[in-house]
Amino acid sequence: MIPVFDITRQNKILKRELSLVFSDVIQKGVFILGKHVSDFETAFAKYIGSFYAVGVASGTDALSLALLALGIKPGDEVVVPANSYPTAFAITAIGAVAKLVDIGKETFNIDPKMLSSAITKKTKAIIVVHLYGQPADMQAIIKISKEFNIPVVEDCAQAHGAEVKVQKSLKEKTEWKKVGSLGDVGCFSFYPTKNLGCFGDGGMVVTNNPDIYKKVKLLRMYGEESRYNSILIGRNSRLDEIQAAVLLVKLKYLDKWNERRREIAELYHLLTPPPGRSPSATFQVSLRPTIILPYEAPYVRHVYHLYVIRVKKRDELKSYLDKIGIKTAIHYPVPIHFVPSMKYLVDQKGDFPESETACNEILSLPMFPELTDDEVQQVAEKTIKFLK
Ligand SMILES: Cc1ncc(COP(=O)(O)O)c(C=O)c1O
């Protein structure tokens, strides 16, 4: 069987290192907001290139708390791509309205061309989702956000370590910046399947803004400035010591793991028709009728949290692969405006044809750093066999 994701292979490799840190936490007896959390916050902020980081209980909470820190109130509109199911819950959880925008056909990310027309007087924030590990077009999005004077929240739950090429002016050199450091605030999930995952739920908010930092730090623990002195309505949303200790161990390997994910993506690219096609010609494949491979925009460094192909006969391909022991998944099968629980907090006006079509055609092939070349080859060969 080839799993779509398997954490046990990585656990085996890291067993010794992880056992040592577990013993350390157990021996110290501090499980909430101790040294591992503050050390991990410092290390993660440095890795991303942000001044501040606050560990919280999940990626969803990271987004909700970031929005609260930006002053988002019930009834305010928050712009979000129509295909990012989990992100919408962070908006509706605080009573705000998810204002949907369609996605670009090749990138699966928010389409900057559609963004301006989604913004109304009620719009108070834009959430950009770097879906599947590919950064959105941040330069275009930030330009629009500045025109309207609306803050940008980056949902980096699937894009730890992904980078964007930035050039401030024609005179200045281009530089690569990590997602999370480009908008006003960046939000991460450490759900076990993520590029950087812990052994339960966990999340992080990063920012360069001291005011947002202070507010998120208050909000994650009842709004307390000091014990039992709450000055802001907050909640309990803390990253715990065990998770922070695991994440501190894993952060050291993140770049290497992301490199391996890129290598696997190259292998899939090369093994999928037409043979011998150079990876840089990926976009050409979108013209082919049978399969569309992931597209890496020229201004980004994709970290392939997921390797998502598009095929018209998606459901048939999925069940064929399943029968021969190749597991796949769909991220996500339903656009936000079709989610029953959300109807009352989602702006239903407008059409989101690209998001709707993508939901019917996308398929996530097995992707994790410990996948072997042989397994990648088998997946590609069987996929080609079915599509021929
Ligand atoms: C794009 C995106 N946003 C938000 C989330 C929510 O993160 P969490 O599961 O840690 O709450 C996820 C996780 O599935 C995600 O993939």
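**Exercises on a predicted model**

Lys 194 is placed in the loop between β8 and β9. The structure is a predicted model.

**Exercise 1.** Determine whether Lys 194 is buried or exposed, and list its contacts beyond four places in sequence.

Solution.
- Step 1: The relative accessibility of Lys 194 is 13%.
- Step 2: Buried means under 20%, so Lys 194 counts as buried.
- Step 3: With neighbours within four places in sequence set aside, Lys 194 contacts Ala 157, Gln 158, His 160, Ser 189, Arg 261 and His 305.
- Step 4: An unreviewed UniProt entry lists Lys 194 for "modified residue: N6-(pyridoxal phosphate)lysine".

**Exercise 2.** Classify the aromatic pair of Phe 22 and Phe 199, and state which parts of the chain the pair ties together.

Solution.
- Step 1: A search of the whole structure gives 16 aromatic pairs.
- Step 2: For Phe 22 and Phe 199, the ring centres are 6.0 Å apart and the planes make an angle of 50°.
- Step 3: Stacked requires under 30 degrees and edge-to-face over 60, so this pair is tilted.
- Step 4: Phe 22 belongs to helix α1 (residues 8-28) and Phe 199 to the loop between β8 (185-189) and β9 (203-207), so the pair links parts 177 residues apart in sequence.
- Step 5: Phe 22 is partly exposed at 23% relative accessibility, and Phe 199 is partly exposed at 34%.

**Exercise 3.** Identify the aromatic cluster that includes Tyr 47 and the charged end over the ring of Tyr 47.

Solution.
- Step 1: Tyr 47 forms one aromatic cluster with Phe 40, Phe 44, Phe 188 and Phe 190.
- Step 2: Over the ring of Tyr 47 sits the charged end of Lys 178, 4.5 Å from the ring centre.
- Step 3: The charged end of Arg 227 sits over the ring of Tyr 228, 4.2 Å from its centre.

Methods:
Residues are numbered from 1 along each chain as its sequence is written. This is a predicted model: local features need pLDDT of at least 70, side-chain atom pairs count only at pLDDT 80 or more; totals for chains, interfaces and linings use all residues. Side-chain values use heavy atoms; hydrogens and water are left out. Rings of Phe, Tyr and Trp (its six-membered ring) pair if their centres lie within 6.5 Å; planes under 30 degrees apart count as stacked, over 60 as edge-to-face and the rest as tilted. Helices (H or I, at least four residues) and strands (E, at least two) are DSSP runs, numbered from the N terminus. Buried means under 20% relative accessible area, exposed over 50%, partly exposed in between (1.4 Å probe, protein chains only). A charge sits over a ring if NZ of Lys or CZ of Arg is within 6 Å of the ring centre and within 35 degrees of the ring normal. UniProt positions are given in the numbering used here, feature names are shortened, and annotations may be inferred rather than shown by experiment. Contact means heavy atoms within 4.5 Å.
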